[in-house]
Structure formats: structure tokens, C-alpha cells
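Thanks, everyone. Let me put the model up, and then I will walk through a few places in it.

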Amino acid sequence: MKLARFLVKRLLLIPIILLGLSLITFGISHVIPGDPVKLAAGPQARPDQIIKLTQEYGLDRPLPEQYVRYISNLFQGNWGYSISNKRDVFHDLVTYFTATLELTLVSTLIGLVVGIPLAIISARWRDRWPDHAARFVSIGAVSVPVFWIAIILQIVLAQNLHWLPVSGRFDPRANYPTTHTGLLLIDTLLAGNIPAFFTALRYIIMPAFCQSLLVIALITRQLRGDLLDILRKDFVLVARANGIPERRIWTRYLMKNALIATISQLGFLIGFQLGGAVLIEYVLDWPGIGQYALKAALLLDFQPIMGATLFVGFIVVIVNLMTDVVYRLVDPRIGFA
């Protein structure tokens, strides 16, 4: 009952948050100097063509009327059309978001597989060489700019060694696989297309590794600190005094309590990644929602900017809600207030 009440309260706040976000984005996108219609029409466009396009997209009307019209269309499921490519914005958002979602899932998986063992090793052998090595990795992962790492990997692994492709999501020379979920790794496996699966895997390794560095750093540092703190608790000392095996202490007592704060941080980071890792997507030409929003911003394309902001905002709010629910289920002391 408390969970249902908690969910209802949080879900009722989502429209208010998105409305405020839409107002801020609408205001910023209209105070930036420049004419999106002129950019879309091109330098050879005649004045009458520019006026016609301006009227067609309703950009000649007062700003309050434009905003009300946009919100009313949004409630009817109409996200508008891009001025630059004439495509439906919502269809583009779904297409680009699935690429970002796949990248986020793979990078988070890599971060968990690498980060959790590093944190355990670091805490288990505190102030010894395994601890120093683990901390060196975690600090280095956030200290070096991720775009610089991406460029170095492109030069070394792609151009020099030819182990991985330079950029993109799939081999442009091959037939693009049929998609159902939009996640190429899953779709190719469902279709039984193993060669296409390994092709998609080769293309995602480099961007996923770059994006996973932040996850590795966060998990290693947060989980290490929590493990060291819990090691000093009385219940751990009592468990050891009662002869409970060390492995059971670490798996049942330490990890269960230490993961609580890490789950909260990881949920926030996943929400951030789902908003699009702009630098990674741009440098490695990954067709995600971050790159989509960046190109729209450079072209002053109003509809994609608004659509991407609201779409990402909704996803981040939902991810944070799920994180709060999981956090409270893992730690019943917090409760659903």
C-alpha cells in the first residue's frame, strides 16, 4: 500500500516537471540568435520561400501562441517535424534513443563486471599494492578526458591494428539487420544472424568501453569506501568472532549493505547516460540521442531540440523513480514516505 502511494505521488509530479522543463527549453531555444528557417532553406532560397516556410511552421506567430500550440500538439501525440530533414521527430527520437539505450546497457554491464571486483580487491587488501592499483584505475578513469581516450583508441585499435572499426554502429557495406527492439545485439541474436551479431559487437566495444570508464570509477570508489566503513561495524566483528567463513561475511553481510549507496549513484549515472553521451557519440559517430540533439542545436532546429529535451527528461525521471524504489526495497529502513 505504501509503495502504491509512493508511486502515485511521484508519477503525479512528472507532468509538472516536464512542463517546467518545456518552458525553460522553449525560452532558451527562442532567445538564441539565428533563423532556423534560413538555415534549412539554404543560401539560395528566395525571400518568399523563407516567408512561406516560416508561416508553415508557425514561427511567425507570438511566442506564447507558439508554445501553447506546441503543447496542445504534444498532448495529441504530435511531436512535430524537423525543419532540417523533414522527418517526424518522435520516430527519430525512438530510433536514436534505442542506440543510446544499447550503448548504456553494454557500458553499464562492463562497469559492473570491472568495478565491483576492483572495489572488493581494493577493500580486501587495503593500503597494499592491489589497493593502489585499483585506486589508480578508478582515479585515472575520471581524470583523463573521455574524448581523448576515444581518439587514442581510434588511432591505435582501429587505424593501426585494424582490430575494431573506427566509428559508426554497423558495417555500412553489409545489409543492415532487421530490427524489432532497436537493440542490434538482441535483434541479431533473435534472428539467429550470428555474423551480424559479431559485427554489431565489434562496433559497440569501443564506445561502450569509453562510456564505462565513468561507471568503473564511480563503483570502485563508492563501493570501496562503503566496504571499508562496514568492515569496522560491530556486526562484522561479531560474525568473525562466531567463526562465520570470510567468504560468507563478504557476500552476505558486507556486499548487501555496501551496495545500497552504490545503487543510488548508479541509477543517477544511468539516467545521465541515457540522456546521450554527446562527446562519445560525436567522436565515435555513434547514432545516439545525444548526437541527434547536438546536430539539431547546431541547426537551430526547434522541434527536435524540444522533443529531445522532453524525451530525455521523461526517461531520466522514470530512471530516478525506479532507482528510488530499488533503493528502498534494498534498504527497508528508509521506507516509502
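Start at histidine 162. Buried or exposed? Histidine 162 is exposed, because its relative accessible area is 60%. The cut-offs: buried is under 20% relative accessible area, exposed is over 50%, and partly exposed lies in between, with a 1.4 Å probe and protein chains only. Histidine 162 sits in the loop between helix 7 and helix 8 (184-190). Its phi is positive, about 55°, although histidine 162 is not a glycine.

A word on the source. This is a predicted model, where local features need pLDDT of at least 70, side-chain atom pairs count only at pLDDT 80 or more, and totals for chains, interfaces and linings use all residues. Residues are numbered from 1 along each chain as its sequence is written, and side-chain values use heavy atoms, with hydrogens and water left out.

Now the overall picture. The protein has 14 helices and 0 strands. Helices here are DSSP runs of H or I with at least four residues, strands are runs of E with at least two, and both are numbered from the N terminus. The C-alpha trace spans about 85 × 55 × 40 Å along its principal axes. Of the 337 residues, 41% are buried. Take contacts between residues at least 6 apart in sequence: 73% of them join residues at least 24 apart. Contact means heavy atoms within 4.5 Å.

Aspartate 127 is in the loop between helix 5 and helix 6. Its phi is near 60°, again in a residue other than glycine.

On to helix 6, residues 129-143, which holds serine 138. Serine 138 counts as buried because its relative accessibility is 2%. What does serine 138 touch? Leaving out residues up to four places away in sequence, serine 138 touches Ala217, Thr220 and Arg221.

Now a helix pair. Two packed helices are described by the angle between their axes and the distance between the axes. Helix 7 (residues 146-160) and helix 9 (residues 194-231) have axes that come within 10 Å and cross at roughly 150°. Axes are lines fitted to C-alpha atoms, for helices over the stretch in contact, and angles run from 0 to 180 degrees between N-to-C directions. Helix 7 brings Val146, Ile149, Ala150, Leu153, Gln154, Leu157 and Ala158, and these meet Met206, Phe209, Cys210 and Leu213 in helix 9. That contact divides into 10 nonpolar residues, 1 polar and no charged. Nonpolar means Ala, Val, Leu, Ile, Met, Phe, Trp, Tyr, Cys and Pro; charged means Asp, Glu, Lys and Arg; the others, Gly among them, are polar.

Last stop, the cavity lining. Pro165, Val166, Ser167, Gly168, Arg202, Tyr203, Met206, Pro207 and Leu284 line the largest cavity. A cavity is a set of points, on a 1 Å grid over the protein atoms alone, where a 1.4 Å probe fits but cannot get out; lining residues have an atom within 4 Å of a point. The lining divides into 6 nonpolar, 2 polar and 1 charged. Met206 is on this list, and Met206 is also in the contact of helix 9 with helix 7.

Note on methods
On a 1 Å grid over the protein atoms alone, a cavity is a set of points where a 1.4 Å probe fits but cannot get out, and a pocket is an open set with protein on both sides within 12 Å along at least five of seven lines; lining residues have an atom within 4 Å of a point.
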